[in-house]
Amino acid sequence: MDNSNIASMFEMLDSSNKGSISFVQYKEALKTLGLCTAEEVLKDDGHGVTFEKFRNEVCICPASLQAFARKL
């Protein structure tokens, strides 16, 4: 998946063009992409998820490291 695919996906989730998506949208997107399971506990810091964070989770880190990083 390249940066343009990830950007398109983020833009679909960020329909109001705020520059961030909700934690719920973020978690559902990760589940849809197979990058987390329904049982996996992700920390919600109360802030929206930016494109940079979304891109890093979806593209840059290997899947095995993503799960570990989200638990920190």
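Asn 17 lies in the loop between α1 and β1, and this residue is a friendly place to start our tour. Its phi is positive, about 55 degrees, although Asn 17 is not a glycine. Most residues other than glycine have a negative phi. With a relative accessible area of 69%, Asn 17 is exposed. Here, buried means under 20% relative accessible area, exposed means over 50%, and partly exposed is in between, using a 1.4 Å probe and protein chains only.

Please keep in mind that this is a predicted model, where local features need pLDDT of at least 70 and side-chain atom pairs count only at pLDDT 80 or more, while totals for chains, interfaces and linings use all residues. Residues are numbered from 1 along each chain as its sequence is written, and side-chain values use heavy atoms, leaving out hydrogens and water.

## The overall layout

The protein chain has 4 helices and 2 strands. Along the sequence, they follow the pattern α-β-α-β-α-α. Helices (H or I, at least four residues) and strands (E, at least two) are DSSP runs, numbered from the N terminus.

How many of the 72 residues count as buried? The share is 29%. The accessible surface of the chain comes to about 4,700 Å², and 56% of this surface belongs to carbon and sulfur atoms. Such areas come from the Shrake-Rupley method with a 1.4 Å probe, and for residues only the protein chains shown count as cover.

Contacts tell us about the fold too. Contact means heavy atoms within 4.5 Å. Among contacts between residues at least 6 apart in sequence, 63% join residues at least 24 apart.

## The nonpolar core

A nonpolar core is a set of buried Ala, Val, Leu, Ile, Met, Phe, Trp, Tyr and Cys residues joined through side-chain atoms within 4.5 Å. The largest one here has 15 residues, and Ile 21, Tyr 26, Leu 30, Phe 54 and Val 58 touch the most other members. At least two core residues come from each of α1 (3-13), α2 (23-32) and α3 (51-60). Which helix gives the most to this core? That is α2, with 4 residues.

| Helix | Buried residues | Exposed residues on the face turned away |
|---|---|---|
| α1 | Ile 6, Met 9, Phe 10 | Glu 11, Met 12 |
| α2 | Phe 23, Tyr 26, Ala 29, Leu 30 | Val 24, Thr 32 |

In α1, the buried residues Ile 6, Met 9 and Phe 10 cover an arc of only 100 degrees around the axis, which puts them on the same side of the helix. The arc is that of the directions from the helix axis to the C-beta atoms. In α2, Phe 23, Tyr 26, Ala 29 and Leu 30 are buried. Seen down the axis of α2, its buried residues fall within an arc of 125 degrees, so they line one face of the helix.

The structure holds 1 salt bridge, meaning a side-chain nitrogen of Lys or Arg within 4 Å of a carboxyl oxygen of Asp or Glu. It joins the side chains of Lys 31 and Glu 28, at 2.9 Å from N to O. These two residues both lie in α2, 3 residues apart, about one turn of the helix. Lys 31 is partly exposed at 27% relative accessibility, and Glu 28 is partly exposed as well, at 40%. After α2 comes Gly 34, whose phi is positive, near 80 degrees.

Back in the loop between α1 and β1 (20-21), we find Asp 14. This residue is buried yet has no salt bridge, and the nearest side chain of opposite charge, Lys 18, is 5.8 Å away. For charge, Lys and Arg count as positive and Asp and Glu as negative, while His and the chain ends are not counted. Leaving aside neighbours within four places in sequence, Asp 14 is in contact with Gly 19, Ser 20 and Ile 21.

Ser 20 is found in strand β1. Not counting residues up to four places away in sequence, Ser 20 touches Phe 10, Asp 14, Gly 48, Val 49 and Thr 50.

Where is Phe 51? Phe 51 has its place in helix α3, and is buried, with a relative accessible area of 17%. The C-alpha atoms of Phe 51 and Ser 20 are separated by 6.5 Å, although these residues are 31 apart along the chain. Beyond residues up to four places away in sequence, Phe 51 touches Asn 3, Ile 6, Ala 7, Phe 10 and Gly 19.
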